[in-house]
Amino acid sequence: MTFWCYLLRCGDGSFYCGHTDNLEARIGQHHTGAIDGHTKHRRPVSLVWSADFSTRLEALEVERRIKGWTRAKKEALIAGDWDRVSLLARNRHSAGRPSTSSGRTAKGWSDLQKSVRPEPVEGRPDTETIT
């Protein structure tokens, strides 16, 4: 079974990160407002990034990590700019600010970079459109 971590851009410009085992159905739920929470009153939403994983735990670990990221770091992820993601991680760490992530995981940064395989998303150049 495949599990997904995904990132949505909401109608108000905010981001929502989640995980699921059925990406199409989950995005449909966000589009219709069927899921209570952050996206319900911030529609429309658009899928801007997703990656697949072999276990739910891996997808959840990546979701938790991304939720603690700054907006700039999420934008770099969406753009597929790993150099910028890495630079932003170092800048945040060197500033001495505490982590705001919702959970720590055993995965290191290099493991995350290797395991995250961005999928084509709507609105990005030279990718297929997800409908």
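**Strand Pairing and Salt Bridges**

Visitor: Over how many bridges do strand β1 (residues 3–10) and β3 pair?

Guide: The model is predicted, so local features need pLDDT of at least 70 and side-chain atom pairs count only at pLDDT 80 or more, while totals for chains, interfaces and linings use all residues. Residues are numbered from 1 along each chain as its sequence is written, and side-chain values use heavy atoms, leaving out hydrogens and water. Strands (E, at least two residues) and helices (H or I, at least four) are DSSP runs numbered from the N terminus, and two strands pair if DSSP finds at least two bridges between them. The pairing of β1 with β3 is antiparallel and extends over 8 bridges.

Visitor: What angle does helix α3 (residues 71–79) make with β1?

Guide: Helix α3 packs on the sheet and touches β1, β2 and β3, contact meaning heavy atoms within 4.5 Å. Axes are lines fitted to C-alpha atoms, for helices over the stretch in contact, and angles run from 0 to 180 degrees between N-to-C directions. The direction of α3 makes with that of β1 an angle of about 115°.

Visitor: Which residue meets R9 in a salt bridge?

Guide: A salt bridge places a side-chain nitrogen of Lys or Arg within 4 Å of a carboxyl oxygen of Asp or Glu. The pair spans 66 residues, from R9 in strand β1 to helix α3. At 3.1 Å, N to O, the partner of R9 is E75.
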